[in-house]
Amino acid sequence: MQYFINVVLPIPLERLFTYSISKAEAELLSPGIRVTVPFGKSKIYSALVYEIHTRPPEVYEAKEIHEILDQQPVVNPLQLQHWKWIAEYYMCTLGEVFRTAVPSAFLLESETLVLKNQEVNVNENDLKDDEFLVYEALQYQSFIKANEISAIVDRKNVLPILNRLLKKNIIRLREEVYERYKPKLVRYVKLGDAYSSEEKLEDLLVSLARAPKQSQAVLALFQLQSGKKGPIKITDLEKGGNSSKAVIKSLIDKGVLEEYFVRTDRVVYEGGDGGSEVKSLNPNQKSALDDIFKSFAEQKVTLLHGVTSSGKTEIYIKLLEKYVDSGKQALYLLPEIALTTQLIARLRDYFGEKVSVYHSKYSLHERVEVWNNVLHSETKAQIIIGARSALFLPYSDLGLIIVDEEHENSFKQFDPAPRYHARDAAIVLGNLHGAHVLLGSATPSVESFYNVQTGKFGYTTINRRFGNVLMPDIELVDLKEQTRKRKMKGHFSERLLEEITETLDAKEQIIIFQNRRGYAPIVECTTCGHSPQCPNCDVSLTYHQYRKQLRCHYCGYHMALQETCQACGSPTLDTKGFGTEQIQEELQKLFPSTRTARMDLDTTRGKHGYEKIITAFEQQEIDILVGTQMLTKGLDFRNVNLVGIMNADSLLNFPDYRAHERAFQLMTQVAGRAGRTKKRGKVIIQSYNPYHQILKQVSTNDYGGMYSEQIYEREQYKYPPINRIIKITFKHKNFNVLNEAAEWFARSLRNVFGENVLGPEYPPIARIRNQYLKNVLLKINRQWTLSQTKEGIKRIEKSFNAISQYRGVRVIYNVDHI
């Protein structure tokens with residue numbers, strides 16, 4: 001009998017592929033094990049076994065697998081179910097989910113090696129310059145990786161050169177698969193077995209009398225062994241004995257010392273074993289916790305709506321304690337990596353080494369180790385804190401999922417596919433595991449609150465701050481009036497400067513919020529009006545002063561700041577608008593003795609970038625912190641008494657149906673950083689339109705008023721949560737082809753869905769990375785079934801792909817677009 005496996009390949013193709021296996025291999029394999037398989041003419045990929053069966057494929061002959069990579073499954077059946085739901089709901093392929101879900105070290109892909117053909121005599125005069133460079137490199141190396149050739153010839157596309165060399169029979173190509181994960185091995189040292197008796201030891205020390213450094217190293221080893229139980233690292237011996245690597249190496253070569261390796265985790269918690277007393281809850285928190293348990297008893301997802309600084313984290317810790325004590329795993333999702341830095345320290349105080357962290361700032365190897373710890377249900381991975389990617393870990397006994405700051409749009413993945421929303425995917429994951437799900441926020445999303453109103457979610461609220469501290473005093477400043485009276489200094493109103501001075505005099509800290517990084521979004525010539533544009537995108541270049549550069553925030557293109565205008569040659573260049581860099585510079589001029597820092601994407605690029613800034617601010621080494629929306633997400637600074645929002649209008653006047661909801665959330669959250677301990681905080685919001693309804697609602701903390709207005713508008717215009725929406729984006733490098741294709745697709749959609757189709761329309765930035773974009777928005781009535789709607793769209797896409805001139809147009813689906 002012949003055996004076959006269906007595998008998931010990490011490529012965006014709709015179907016599973018079938019490969020043949022032997023009976024012995026069929027006994028070794030099970031779903032969730034990785035195998036390497038040949039695909040296409042010569043490529044080898046790592047694939048995931050989906051099912052084992054005896055049905056041969058009908059259309060093609062099944063190839064044999066290359067090799068089996070795992071002894072045990074690295075992905076469990078519940079994960080595969082979850083991936084399947086994500087692929088179906090978010091209209092992408094299982095392969096795309098596989099690529100996103102697992103650490104990239106699990107995705108092996110063969111590399112093309114270029115080798116010299118030894119059997120051919122080459123006349124070097126017949127070779128072109130670029131061919132000769134490759135040939136010369138192969139004289140000194142047995143093989144070169146194909147991607148290294150681009151560096152040798154200084155060209156991106158090297159395929160034409162390789163094709164010419166293949167035709168001339170000068171090179172051969174070979175595909176190799178390399179394991180990308182290497183376990184961390186620590187070198188330890190011990191005394192050789194030959195010197196275990198005292199006599200032999202004495203003889204050894206006598207023989208080393210002429211080699212004082214080697215003798216010192218051996219004596220240092222004895223000293224370390226007497227003071228420390230357990231094995232001795234070579235690095236400890238180097239430090240303790242003041243010995244060099246060469247001295248220790250010569251002792252190992254003589255057999256006096258023996259070296260051995262021990263495999264260790266890269267992520268090691270070196271603090272205590274936790275066990276700090278969990279703070280006792282106040283009556284408001286206790287009442288909220290009781291409500292949560294009642295909702296959990298009814299198997300409902302629960303929304304915890306607590307004002308900023310009401311002590312939501314303490315409730316989460318109580319819940320985690322309950323589930324961890326019962327031996328369950330718990331997942332704590334956060335929208336921003338910056339938040340994890342503060343929270344890890346707090347949770348480790350209580351739970352010690354049971355806490356593991358998983359997010360994209362961790363290295364490839366560290367993520368593999370966390371994955372394996374969760375897979376084997378190790379105690380050091382009982383509580384997982386992470387950003388949205390932590391959803392995909394191989395949980396086997398998940399009891400609790402906490403989604404903190406659930407309103408945040410950082411939970412939604414935009415590129416690449418799957419374009420999933422971590423909050424919604426977490427609720428489905430909870431259902432699969434039979435786990436309880438808690439959503440927490442001071443400003444819940446309209447969707448979650450709508451689910452509470454319709455009885456789908458449980459609900460509990462805390463409307464007082466911890467310790468009965470008053471909510472911050474929010475003051476609106478009219479920039480129109482201030483500018484007219486000439487009371488502005490740079491971008492700061494007189495009122496904001498007064499408060500900054502007072503706060504600094506009281507030795508308290510300040511947060512200044514400006515949701516734009518860089519120095520200025522536009523550099524403009526005041527003579528002819530020209531401003532430098534990105535050559536690849538329809539957007540002006542942002543000026544970054546610290547690098548004296550103009551940068552595109554979409555494709556990464558950058559150029560040095562020009563001294564004169566590129567259009568008219570005039571030196572009259574001026575900046576328009578302002579970003580975090582400019583605010584920081586103005587503060588340094590206005591308050592020269594003050595310590596300022598900036599927290600945005602430019603200053604937090606490293607693995608510990610967030611940690612350094614947050615720790616410095618917590619320890620009051622920084623007086624004023626200027627930042628973008630990273631600052632708004634649940635950070636807890638004890639000594640901040642003033643928050644300044646530089647320009648509220650940029651948040652309100654955004655072309656998006658969620659602009660007002662998002663502005664309310666962002667301003668309420670950033671205001672919530674002020675006055676979190678004893679004294680009432682102060683918030684200054686600068687705006688050209690201080691009478692705007694949303695600003696009034698922020699200043700009175702009127703979430704109910706904001707929700708009622710937003711839900712009324714969305715009912716009128718058929719937006720979520722009343723209707724569902726799917727945004728379909730078309731991408732192509734040819735402007736005319738894109739227009740025709742988008743029109744054709746929209747017409748076909750209108751034939752099926754009628755007036756619920758909006759577009760096609762260009763987005764605000766209609767070209768990114770030399771690809772033109774056009775969007776179609778489909779509003780789906782709650783009465784329609786989502787699966788039938790998606791099937792209808794897929795049928796249209798099939799016909800669309802059959803038209804030859806539209807074949808190069810990329811169609812991107814974004815379900816529940818936000």
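Which helix holds both Glu499 and Arg495, and how many residues apart are they? Both sit in helix 18, four residues apart, or about one turn of the helix.

## Ground rules

What you have here is a predicted model, where local features need pLDDT of at least 70 and side-chain atom pairs count only at pLDDT 80 or more, while totals for chains, interfaces and linings use all residues. Residues are numbered from 1 along each chain as its sequence is written, and side-chain values use heavy atoms, with hydrogens and water left out.

Helices (H or I, at least four residues) and strands (E, at least two) are DSSP runs, numbered from the N terminus. Buried means under 20% relative accessible area, exposed means over 50%, and partly exposed is in between (1.4 Å probe, protein chains only).

The term covers a side-chain nitrogen of Lys or Arg within 4 Å of a carboxyl oxygen of Asp or Glu. Glu499 counts as buried because its relative accessibility is 9%, whereas Arg495, at 23%, counts as partly exposed. As a general point, an α-helix has 3.6 residues a turn, so residues three or four places apart point the same way.

Arg495 has another partner, Glu475, with the closest N and O atoms 2.7 Å apart. This pair links distant parts of the chain: Glu475 belongs to strand 19 (residues 473–478) and Arg495 to helix 18 (residues 494–505), 20 residues apart.

The structure holds 32 salt bridges. One of them joins the side chains of Arg767 and Asp538, at 3.1 Å from N to O. Here too distant parts of the chain are linked, with Arg767 in strand 32 (residues 767–768) and Asp538 in the loop between strand 21 (522–525) and strand 22 (542–544), 229 residues apart. Arg767 is buried, with a relative accessible area of 13%, and Asp538 counts as partly exposed at 37% relative accessibility. Elsewhere, salt bridges that share partners tie Asp473, Glu475, Arg495, Glu498, Glu499 and Lys682 into one network.

## Strands 14 and 15

In strand 14 (residues 355–358), Val355 and Val357 point one way, Ser356 and Tyr358 point the other way, and all are buried. Strand 14 runs parallel to strand 15 (residues 383–386), and four bridges join them; for two strands to pair, DSSP must find at least two bridges between them. Ser356 has Ile384 as its bridge partner in strand 15. To get from strand 14 to strand 15, the chain goes through helix 14 (residues 364–375), making a right-handed β-α-β crossover. Right-handed here means that, with the strands pointing away from the viewer, the path from the first strand over the helix to the second runs clockwise.

## Two nonpolar cores

A nonpolar core is a set of buried Ala, Val, Leu, Ile, Met, Phe, Trp, Tyr and Cys residues joined through side-chain atoms within 4.5 Å. The largest has 116 residues, and Trp83 and Met667 touch the most other members. Helix 25 (residues 735–753) supplies the largest share of this core, seven residues. Leaving aside neighbours within four places in sequence, Trp83 is in contact (heavy atoms within 4.5 Å) with residues including Leu48, Val75, Phe98 and Phe392. A second, separate core of 30 residues includes Leu281, Leu289, Leu304 and Leu438.

## Helix 16

Helix 16 (residues 446–453) is largely enclosed by the rest of the structure, because six of its eight residues are buried. Those buried residues are Val446, Glu447, Ser448, Phe449, Asn451 and Val452. They pack against strand 12 (302–306), helix 15, strand 17 (436–441), strand 18 (458–462), helix 22 (659–671) and helix 24 (703–717). Just after helix 16, Gly455 takes a positive phi of about 85 degrees.

## Two buried polar residues

Ser687 is in strand 29 (residues 682–687) and counts as buried at 1% relative accessibility. Its side chain joins that of Asp649 in a polar contact of 2.7 Å. Such a contact is a pair of N or O atoms within 3.5 Å; within protein, one must be able to donate a hydrogen and the other to accept it, and residues adjacent in sequence count only if both atoms are side-chain atoms.

Glu405 is found in the loop between strand 16 (398–404) and helix 15 (422–433). Glu405 counts as buried at 5% relative accessibility, and its side chain makes a polar contact of 3.2 Å with the side chain of Gln669.
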